[in-house]
Amino acid sequence: SEYLSGTFTARAASNTSVVFAFELAEDLAASFSVHITAPCGVEFPTLCEASIGPDVLGSTLPAQVTKYVSFPDAVSVTCTGVGTEATLHVTPTESMSTFPALPGFLYVFGVNVTNPSVTADVNTWRLLVTDGNSRQEASIVGYDLSDVKTSVTPSNSAASDMQNVTLSFLGRSSIPAQTEAATNSFDRGILRIEMPEGFTVPTSTSTLCLYWSGLYEVGLSDPVAVSNAMSCESEASHQITLHNRGDTELPAIEYVFNVTVRNPNYAQDARTWHVASYKSEAALDDDLI
């Protein structure tokens, strides 16, 4: 068994369609079920939509790839979901003695889900195909979300003090380079950090972060080549934004940088720093990468 991308996005917490493929080891009864167990955080709708027709794969595969086949025309499917589990009930619409196994071929179907907010630590999907007598099952390695893995290390937690914070991040996707729009204006990919309430970023007379020393690839002592094209700015007091002003994209590897921030004026419980990367400085939901 395996999964393929249908109308698919790996964006965290987004609705998506995932296409699965499975090869039967033996024939099944004409009526059977496919039980899906998803990784932690995935959500199936109660009445999940399932697709079994020839258009499941759309145009995602070249014509010469012929190992995937759609379900027979003489069957229908319904899908019910609860949390991370869903069951497809396959029933014949006309007389069928069995649902045939096709050695060397994989049946495909698609189902709609909502992605989790972060990639699960145990990122495995399970399929169980059963007709009540036969049980055929498999585990499938899941897809990574296009989220950003981050860590924030403070140097001083005293209220209202200035401190040098070390942030590291590993993006799932590269951050685009600067591009020129038709209006002769420029746009570029960004990484944006939203700090908890009370934290602020001291800036120069413009919006540039004070004491910005560049972007480093983790494990190297010298700044990565693209760091000279990266700028650190704070358009809002609680935000840190890295702009890719270079002419090459920032590859999806692990980076670290230091930035000076001012702590809140009063003690706080631990709170979340939100980090997201965008393909445009507009930073709209559709720009998330």
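**Pockets, cavities and strands**

Reply: Let's begin with the second largest pocket, which holds about 310 Å³ of space. This is a predicted model, where local features need pLDDT of at least 70 and side-chain atom pairs count only at pLDDT 80 or more, while totals for chains, interfaces and linings use all residues. Residues are numbered from 1 along each chain as its sequence is written, and side-chain values use heavy atoms, with hydrogens and water left out.

Me: Which residues lie nearest the centre of the second largest pocket?

Reply: Ser157, Phe199, Pro264, Gln268 and Asp269, out of 19 residues that line the pocket. By class, that lining has 12 nonpolar, 5 polar and 2 charged residues. (Ala, Val, Leu, Ile, Met, Phe, Trp, Tyr, Cys and Pro count as nonpolar, Asp, Glu, Lys and Arg as charged, and the others, Gly among them, as polar.)

Me: How many cavities of 30 Å³ or more does a search of the whole structure find?

Reply: It finds 3. On a 1 Å grid over the protein atoms alone, a cavity is a set of points where a 1.4 Å probe fits but cannot get out; a pocket is an open set with protein on both sides within 12 Å along at least five of seven lines, and lining residues have an atom within 4 Å of a point. Grid points are joined across faces, edges and corners, and a volume is the space filled by probe spheres set on the points.

Me: What lines the largest cavity?

Reply: Its lining is Pro39, Val42, Pro116, Val118, Thr119, Ala120, Asn123, Trp125, Tyr143 and Leu145. That makes 8 nonpolar, 2 polar and no charged residues, around about 60 Å³ of space.

Me: New topic: is tyrosine 278 buried or exposed?

Reply: Buried, because its relative accessible area is 13% and buried means under 20%, with exposed over 50% and partly exposed in between (1.4 Å probe, protein chains only). Tyrosine 278 lies in strand β22 (residues 274-278); strands (E, at least two residues) are DSSP runs, numbered from the N terminus.

Me: What's tyrosine 278 in contact with, leaving aside neighbours within four places in sequence?

Reply: Among others, Ile175, Gly189, Arg192 and Leu288, where contact means heavy atoms within 4.5 Å. Isoleucine 175 is 103 residues away in sequence, yet the C-alpha atoms are 7.2 Å apart.

Me: And which residue in β8 is the bridge partner of serine 33?

Reply: Histidine 89. Threonine 78 also has histidine 89 as its bridge partner in β8.

Definitions and conventions:
Helix = DSSP H or I, 4+ residues; strand = E, 2+ residues; numbered from the N terminus. Pairing = 2+ DSSP bridges.
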